[in-house]
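Subject: Structure for your review

Dear colleague,

Please find below the structure that I am handing over to you, followed by an account of what was found in it.

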Amino acid sequence: MEVFYYMVFGVLGLIVAALELSKTNKDRITTSQAFTSFKNNYLLVYSLMMAGDWLQGPYVYYLYTTYGYGKGDIGQLFIAGFGSSMLFGTIVGSLADKQGRKRACITYCITYILSCMTKHSPQYKVLLLGRILGGVATSLLFSAFESWLVAEHNKRGFEQQWLSLTFSKAIFLGNGLIAILSGLFGNFLVDVAALGPVAPFDAAACILALGMAIILSSWGENYGDPSENKDLLSQFKGAAVAIASDEKIALLGAIQSLFEGSMYTFVFLWTPALSPNDEEIPHGFIFATFMLASMLGSSVAARLMARTSPRVESYMQIVFLVSAASLLLPIVTNFFVSSSEMKDGGISLGASVQLVGFCAFEGCVGIFWPSIMKMRSQYIPEEARSTIMNFFRIPLNIFVCIVLYNVNAFPITIMFGMCSIFLFVAAVLQRRLLVITDKSKLDDWTSMKERDIETEPLNDD
């Protein structure tokens, strides 16, 4: 493997280590022992849940090919997964507000374990069922756990700022360290132990079962809407009204859909971008490098959110602009760097530049996740948190399904350009969100000042 890959990985590793070791009191949040125990319990469960997800990711496509399915059939299976997440996942996720977030988290474990079991069958219908179950599980993973955490955090009376600490640590571990370890463990099971491409799915099922046992034994139940007579349709209507009536929630949903849509599209595009002439590239090592860049981003986010300035709404504008610029690099290198121009006879010069840009994008992803979690905890009403969060995923899943269906219809540069435009629009919407929140705070300060002035004569008497 080329020295360039080791250099990028090594530089990112050194930066992450330096950031973590150089934290001062300003970069840390002082908490209580009770909160530390609560946080560690959640982080353990969340890490196990993410390990169960990450173990499967690198081997889904490969497993389908070993069963003899072509690109078209595999594409339909992936579309089924995202379509299921949009339809059934939204319904199941919304039930979490009514039936309980703990139950929803347990449902995630059971659903994903069943999805893993279907991978033992080469039958297309069984695999299709597995993708449908996996789509439901994905919706629950990205809504039920966060909803349970926010509600339980508030119920126990912990300070609001401490949530940002849990969010940043969850992304640092779940989307960084755990992803890297899962990739290495999956590689060991398949290539070293030679247990076959189904082995990572079996390991994922075992890990999910362990996480479910911890949830059952240590988590309490919490709910969203306390009313007894509100049916599912009423919940949907209530969530839609909340989004339509509060511009901050609508902006947050649009920003999330634009960024995550670009992120999922990037997952399909980075391999052909780095190997335009079908060069042999170390996919697993590059994936680990991306996850290390995401860890770097979450470490930066932890520092930013530990301070009162700059606010999340402010620095996220820069994050979206940087991410938009980084996904423009494939277009720039396509115009200015010849695809045949090789670096040291291996990776092309254009691919080298793109790899650095893609690492910058993954760093932005690492900042995005804890930051969007913090904004959701501030603006989304508690009684319909899971419902609204799954509403946000509907346009995202529609977009990804369209991209998957037309992945061969457009040149790769067009796809990257589209993602870059979406990210720029996200930056504009983030600016609008900042203006609205600033105006809201100014109005609150003005009204409070007016009340103080009105009460002053009474106090003088």
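Contacts between residues 24 or more positions apart make up 87% of the contacts in the protein with a separation of 6 or more, where contact means heavy atoms within 4.5 Å. Please note that this is a predicted model, in which local features need pLDDT of at least 70 and side-chain atom pairs count only at pLDDT 80 or more, while totals for chains, interfaces and linings use all residues. Residues are numbered from 1 along each chain as its sequence is written, and side-chain values use heavy atoms, with hydrogens and water left out.

Overall composition

The secondary structure comprises 17 helices and 0 strands; helices (H or I, at least four residues) and strands (E, at least two) are DSSP runs, numbered from the N terminus. Of the 461 residues of the protein, 53% count as buried. Here buried means under 20% relative accessible area, exposed means over 50%, and partly exposed lies in between (1.4 Å probe, protein chains only).

The nonpolar core

A nonpolar core is taken as a set of buried Ala, Val, Leu, Ile, Met, Phe, Trp, Tyr and Cys residues joined through side-chain atoms within 4.5 Å. The largest one has 137 residues, and those with the most contacts inside it are Met49, Tyr108, Phe145, Phe290, Met316, Phe358 and Ile388. Helix α15 gives the largest share of this core, 14 residues. The core lies between domain 1 (37–221) and domain 2 (232–339 + 347–440), because both give residues to it; the domain bounds come from an automatic or database domain assignment. Apart from its neighbours within four places in sequence, Met49 is in contact with Tyr108, Cys109, Leu141, Phe145, Leu208, Gly211 and Met212.

Cavities

Rolling a probe the size of a water molecule over the atoms shows where empty space is left. A cavity is a set of points, on a 1 Å grid over the protein atoms alone, where a 1.4 Å probe fits but cannot get out, and lining residues have an atom within 4 Å of a point. Grid points are joined across faces, edges and corners, and a volume is the space filled by probe spheres set on the points.

The search of the whole structure finds 4 cavities of 30 Å³ or more, and the largest cavity holds about 60 Å³ of space. Which residues line the largest cavity? They are Tyr42, Tyr46, Leu141, Phe142, Ser143, Phe145, Glu146, Trp369, Met373 and Arg376. This lining divides into 7 nonpolar, 1 polar and 2 charged residues, with Ala, Val, Leu, Ile, Met, Phe, Trp, Tyr, Cys and Pro counted as nonpolar, Asp, Glu, Lys and Arg as charged, and the others, Gly among them, as polar.

Three helices, α2 (33–54), α7 (144–155) and α15 (349–379), each supply at least two residues of the lining, and the largest share, 3 residues, comes from α15. Domain 1 (37–221) and domain 2 (232–339 + 347–440) both contribute to the lining of the largest cavity, so this cavity lies between them.

Individual positions

Several single residues may also be of interest to you.

Ala194 is found in the loop between α8 (162–192) and α9 (199–218). Ala194 has a positive phi of about 55° although it is not a glycine, and it is exposed, with a relative accessible area of 57%.

Gly135 sits in helix α6 (residues 124–141) and is buried, at a relative accessible area of 3%. Leaving aside neighbours within four places in sequence, Gly135 is in contact with Gly81, Ser84 and Ser85. The C-alpha atoms of Gly135 and Asn397 are separated by 10.0 Å, although these residues are 262 residues apart along the chain.

Gly357, in helix α15, is likewise buried, with a relative accessible area of 6%. Beyond its neighbours within four places in sequence, Gly357 is in contact with Ser326 and Leu329. Its C-alpha atom is 8.4 Å from that of Ala325, 32 residues apart along the chain.

Gln235 belongs to helix α10 (residues 232–245) and is buried, with a relative accessible area of 7%. Between the C-alpha atoms of Gln235 and Ile388, 153 residues apart along the chain, the separation is 9.4 Å.

Asn40 lies in helix α2 and is partly exposed, with a relative accessible area of 42%. Asn40 and Lys169 are 129 residues apart in sequence and 9.6 Å apart in space, C-alpha to C-alpha.

Yours sincerely

How values were computed
1 Å grid on protein atoms, 1.4 Å probe; cavity = no way out; pocket = protein on both sides within 12 Å on 5 of 7 lines; lining within 4 Å.
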